[in-house]
Amino acid sequence: MTRFMRAATRKKREHLLETALRLFIERGYEQVSVDDIIAATGTSKGTFYHYFKGKDEILQDWPRQQTDIIRAWSERKPTQVPSLEHHINRLFLELAAHAAPSARFIRSWIALSMQNDSLQSAMDRLRQTLDEAVLRWLPEPGKAGALVTAYFGALMLWCSQDDGSDLIERMQVQLTWVWTGIRHEGTRMTTESDHQEKGDYHMKVAIVGGGLAGLTAAAYLSEQKGIQGVLFERSPQLGGRAFTYEKAGFTLNYGAHAVYGIDRHKLTVMERELGLSFSSKQVDKRKVMYAKNGQLTPAPLDFVNLMRTELLNPMQKVRFVAEITAIIANIHQLRNYPTLGDYLAESDADEDVKELWEHLVCSNFFIAPEEARKVPGPVISDYYHNLFLSSRPVNYVLGSWAVITNQLKQKIEQSGNWQIALQEGVESIRYADRQYVIRTKNREEAFDRVIFAMPVQQVCKLLKETPWEPFLAPYEHNTSTEVMVYDIGLKQVVARPFSYISDMDNKLFISDVSATDHTLVPEGGQLLQGIAYLSDSFTDEAERKAYLDTKTKQMEALFDEYYPGWRDVTEVKRVSKKAMVASVKNIAGNRLLPTRVESVPFFFCGDGCNGKGELAERAFSTARQAAQAVIEELAVHA
């Protein structure tokens, strides 16, 4: 039975169902025949068998149709999911809509299930199917169980009370309360302007750049009723380097959607403040391996793996544990050195310990070994102080970055105060009549405040030949962090010996992304992502090309060694030989851009700016800082 069935047909079918269940309850299931049901309903055998194959199907019909709804929902791809909360709510509301026309039938069905083992088993299977479906997106049994219980609880109360109430409305109320508990009550950035009526604007803001930073800043500002604005993005899609797309059933990200130390990450603060909803799953630390000199060994990610690893001998392990302890206690000497290289040059540690430090920095900052030694000591110390204290060091956002970017976009659009201008790059900016006039190919428009959420190099280029150019000069020669990304989507799982393998000899690694985020692949498929840390010191283009060709061969050799047969079952393949991971390498010689630069009237945010953490976290944290600064100015301006 579907909600689209004609009313007369549905009524006839429900009459058969309800009468059959009443007879089952009164006489017992075994004592009721098909002829008894036909006689009690005044229908014919032809009518009965038009709707049901037999007596048993009457019992199994409702849970089967509920299961069909769950399976259809499970087939939706991550890029079709606006948010975790919306996605899961949609499932429960679809189930409620299916049940809504049949209160008396469901009441009888539940009553009969108390005395019929077959029906009880059907209910148990339905609940298990629903549990498993929700757990795929929300892999926390307590939270998933609360949602499933809310559905069945609302269903039973509704059909038992028979007071004419709307099941869908009841379900919406129940879901609201459950999600409030799941998210916890968080504080939101507010000012007095929150109390202004919609349309009473005191400030007009432009945000240039629609990546993670630009979307985050716009989402925060969209909650302020005293602000209206435009988000300019030159590309045809939002997300920047966090862009996600689908091909042949595989969901691919331009860059990994891994989040380091998520429990201490700015993204968790944003989740509370902006009311976001997403889920993540931790990489299995026991299946993270390092390869060195042809030998595999567990990566020393925690005490257990450190004891098992063969990278270090017992004395070296003691030394490394002492260094980690010192970093956690915030007393490690590394923070007093200009760079990692300076610290290692004076350290009396064995070469294996030094190499491990270098490799860890390569892995977490996505840079080549020679540049790992250039990362400032305080940066490394602060980063690992945070990471070592994390209870969840490496997580994947389930469903990819699209689950985050879709929610930010939705929040911006729902405010009614903001416009998202895709494929509208900013060509120039000037100051006139106490406002900043932005020119694109489509318009000239004046704004009170401007936030640049784009790579630092692009900011410097845009502000060339403006009064602000000299103040940006110290940042224009910053170099970006680039890697080779080698994605392959396989029709079937060829091997799953580990979730992550890092080749210490050649400085590249492969993640079995689908081992952690199962939402990204079709059933039975496997998604592998290879990353090679790249150097950018070449005498000419020919040398650079030869270097990239060598890295490609090394990557394919690593696939061949640990995922034999991958070439024969490859469904999707994408190789980006120079993919930007961060717009500014966090090394000595580069200067991260502050969110405010002296004598420059703009705000800046992004992964090339000075904020908390590395990579995506720096984009999130600096965007939040920039939005907060604008909100504070709004209060003064109002």
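Let me begin with Asn610, which is partly exposed, because its relative accessible area is 47% and partly exposed covers what lies between buried, under 20%, and exposed, over 50%, with a 1.4 Å probe and protein chains only. Please keep in mind that this is a predicted model, in which local features need pLDDT of at least 70, side-chain atom pairs count only at pLDDT 80 or more, and totals for chains, interfaces and linings use all residues. Residues are numbered from 1 along each chain as its sequence is written, and side-chain values use heavy atoms, with hydrogens and water left out.

Asn610 sits in the loop that runs between strand S20 (603-604) and helix H23 (616-637); helices (H or I, at least four residues) and strands (E, at least two) are DSSP runs, numbered from the N terminus. Although Asn610 and Pro594 are 16 residues apart in sequence, their C-alpha atoms are 5.1 Å apart in space. If we leave aside neighbours within four places in sequence, Asn610 is in contact (heavy atoms within 4.5 Å) with Leu592, Leu593, Pro594, Thr622 and Gln625.

Turning to the sheet, three strands form an open sheet in the order S5-S9-S6, with antiparallel pairing, where two strands pair if DSSP finds at least two bridges between them. Its edge strands, each pairing on one side only, are S5 (258-260) and S6 (280-282). S5 pairs with strand S9 (residues 394-397) over three bridges, and Tyr260 stands opposite Val394 in S9.

Finally, in helix H18 (residues 402-414), the buried residues include Ala402, Leu408 and Ile412, and the helix is followed by Gly416, whose phi is positive, near 80 degrees.

Key. Expected span 1.5 Å × (residues − 1).
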